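Trainee: I am new to this structure and would like to walk through it with you. Could we take it one question at a time?

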Amino acid sequence: MTVEFWFLIGAALVFWIQAGFAMVETGFTRAKNAGNIIMKNLMDFCIGTVVFSLLGYTLMMGENCLAGLIGMPNMDMWTHFKDFIASPADGFTGASTFVFNLIFCATTATIVSGAMAERTKFSSYCIYSAVISLFIYPIEAHWIWGGGWLSALGFHDYAGSCAIHMVGGIAALIGAIMLGARTGKYERDLEGKVIKVNAIPGHSIPLGALGVFILWLGWYGFNGAAATSASELASIFLTTTIAPSVATVTTMIYTWVKNKKPDVSMCLNASLAGLVAVTAGCDAFDALGATVVGLVSGVLVVVIVEVLDLKLHIDDPVGAVPVHMANGIWGTLAVGLLATPSAPAGLSGLFYTGSFRQFGLQLLGVVTVGAWAAAMMLLTFYIIKKTHGLRCTVEEELVGLDKSEHGLPSAYADFAPAISGTFSFGGAEAPAVTGDTPMAEAVPVTKEAVPVSVTVKKEPAAGVKMTKLEIVCKESRFEALKNALMELGVTGMTVSHVMGCGMQKGTPEYYRGVPIEVNLLPKVQVDVVVSKIPVSAVIEAAKKALYTGHIGDGKIFVYDVENVVKVRTGEEGYDALQDVE
């Protein structure tokens with residue numbers, strides 16, 4: 001009872017992994033697709049539950065047939081429920097086994113969501129999710145955990161580096177290839193050759209980080225749920241902690257040296273890569289073995305991300321293929337190299353004992369399971385693509401799948417930036433000048449020759465000149481600018497929240513190894529129209545309020561205004577600018 005209780009608690013922790021995947025994928029993609037990502041992760045589990053309960057579970061855990069290739073389908077859960085939930089003399093109840101394996105199945109399915117994010121038809125994704133949970137995952141999982149032919153030979157995959165992560169990663173790779181890249185990701189010449197790779201940063205690194213922490217917590221259940229003793233559980237927790245930690249530190253150092261700055265998103269991927277790789281042998285490695293697994297994972301994840309994106313031009317927005325496929329393969333093979341007889345599993349790895357046997361079995365498992373997954377996923381995606389269609393239209397992709405697929409204007413409808421709450425900081429005091437860029441370059445002034453067009457009812461008063469100033473500045477200096485303009489006598493202004501380019505020449509930044517050429521940053525645009533107040537006075541006041549000595553302090557555009565009409569009174573020209581009744 002005690003062991004089975006922990007088994008079910010572990011299953012609950014693994015279910016929590018679904019939330020982690022949802023957050024990682026949402027954070028690493030654009031805000032206009034956040035609702036679609038959440039919906040896909042939700043439906044992976046819900047659709048998976050339906051089809052796994054009808055057929056998938058018995059294909060996986062049913063009595064061996066066809067020489068251990070599949071389990072014998074049955075309806076015991078539906079027709080003999082009392083026996084299904086009864087506690088056997090040895091092992092777990094059928095109900096416990098069903099729930100645990102169902103959640104593992106859903107994890108396999110949801111890996112694909114991130115690699116195919118932002119351009120997949122939702123209905124097509126639902127079809128894929130049903131197919132992989134119905135028979136693709138259950139059959140290969142039977143080989144490994146259901147008493148099938150691989151487990152009979154001695155193949156070892158304790159918690160799923162091969163059965164779950166490699167299979168999900170292979171499905172993700174095939175799906176991403178058949179789907180094609182997101183619009184604008186790669187620029188091609190007339191012959192179709194890629195000439196430029198564009199970075200498409202995710203909209204929320206904090207969400208991605210939250211997802212990684214959730215996943216890491218859930219992974220203690222993922223790897224540890226099947227432990228049958230305190231010693232085995234403690235050993236698994238130890239290796240499940242060391243490998244991702246070492247992988248993350250390795251990636252931090254690697255990207256720091258390579259790109260001159262540690263890459264946040266890569267480090268988040270590295271944590272997951274280390275977790276994936278240690279999963280197969282979490283009960284077979286010692287502390288040194290887990291460290292080696294993490295070291296390799298930390299380098300491997302970065303190399304595969306960049307090879308896929310920069311060399312092969314396969315668009316994987318969240319790094320599902322390098323994290324799950326590449327590290328799933330590495331972790332499975334690592335059992336044959338780094339397993340030690342002193343660990344709970346008692347296996348003999350090549351580096352500890354000199355025996356090639358376990359490595360040969362691990363290699364056989366990778367090849368056969370990989371071939372099954374690749375063949376079935378190629379067939380599945382090909383049929384979907386040719387019959388129902390796999391990809392949404394360009395128009396739907398550009399507007400965002402939240403709106404086009406789900407009728408959701410925004411997943412963040414109530415979180416639009418509010419100017420009153422966003423710009424109430426910065427103070428009116430003169431800014432500290434910390435840079436050496438001249439004011440003329442830091443806050444350039446541009447005189448626009450084209451006058452602002454308005455509807456004119458009659459000629460404005462002769463000799464009255466009106467000028468519009470459009471000032472774009474940093475959010476932090478808005479309060480100072482506002483106060484400076486009011487001190488001059490400017491009583492009316494229009495304030496807008498805009499996005500502007502904030503990249504300094506000569507200092508390229510990188511996102512997942514790809515240079516970011518244009519970095520859009522939040523800015524404030526203030527529009528004022530003056531007549532009596534000298535334009536030069538407004539410009540000098542704005543410069544003084546905004547100047548810190550750095551490129552990007554702001555820009556000022558000056559326009560001639562033909563006329564101004566106050567709608568309420570019908571007053572025009574100079575009179576329309578006055579606020580006095």
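Trainee: Where is A67 found?

Mentor: Welcome! First, this is a predicted model, where local features need pLDDT of at least 70, side-chain atom pairs count only at pLDDT 80 or more, and totals for chains, interfaces and linings use all residues. Residues are numbered from 1 along each chain as its sequence is written, and side-chain values use heavy atoms, leaving out hydrogens and water. Helices (H or I, at least four residues) and strands (E, at least two) are DSSP runs, numbered from the N terminus. With those names, A67 is found in the loop between β1 and β2.

Trainee: Is A67 buried or exposed?

Mentor: Buried means under 20% relative accessible area, exposed over 50%, and partly exposed in between, with a 1.4 Å probe and protein chains only. A67 has a relative accessible area of 73%, so A67 is exposed.

Trainee: What is phi of L66 near?

Mentor: L66 also has its place in the loop between β1 and β2 (70-71). Its relative accessible area is 57%, so L66 is exposed. L66 is a residue other than glycine, yet its phi is positive, near 55°.

Trainee: What separates the C-alpha atoms of G62 and M72?

Mentor: G62 lies in the loop between α2 (34-61) and β1 (64-65), and G62 counts as buried because its relative accessible area is 7%. Contact means heavy atoms within 4.5 Å. Not counting residues up to four places away in sequence, G62 touches Y57, G71, M72, H142 and G146. G62 and M72 are 10 residues apart along the chain, and their C-alpha atoms are separated by 4.8 Å.

Trainee: Why does H156 count as buried?

Mentor: H156 is found in the loop between α7 (149-153) and α8. Leaving aside neighbours within four places in sequence, H156 is in contact with residues including A280, D283, V335 and Q362. H156 counts as buried because its relative accessibility is 14%.

Trainee: At what angle do α8 and α15 pack?

Mentor: Axes are lines fitted to C-alpha atoms, for helices over the stretch in contact, and angles run from 0 to 180 degrees between N-to-C directions. Helix α8 covers residues 161-179 and helix α15 covers residues 357-387. Among the residues that meet are A171 and I174 in α8, and M377 and F381 in α15. The axes are 9 Å apart, and the angle is about 35°.

Trainee: How far apart in space are M377 and I132?

Mentor: M377 lies in helix α15 and is buried, because its relative accessible area is 0%. Not counting residues up to four places away in sequence, M377 touches Y128, I132, I136, A171 and I174. M377 and I132 are 245 residues apart in sequence, but C-alpha to C-alpha they are 8.1 Å apart.

Trainee: Which ring does the charged end of K40 sit over?

Mentor: A charge sits over a ring if NZ of Lys or CZ of Arg is within 6 Å of the ring centre and within 35 degrees of the ring normal. K468 lies over the face of Y559, at 5.7 Å from the ring centre. The charged end of K40 is 4.9 Å from the centre of its ring, which belongs to Y125.

Trainee: How many helices and strands does the protein chain have?

Mentor: Let us finish with the whole chain. Of its 581 residues, 52% count as buried. Among contacts between residues at least 6 apart in sequence, 79% join residues at least 24 apart. The protein chain has 22 helices and 11 strands.
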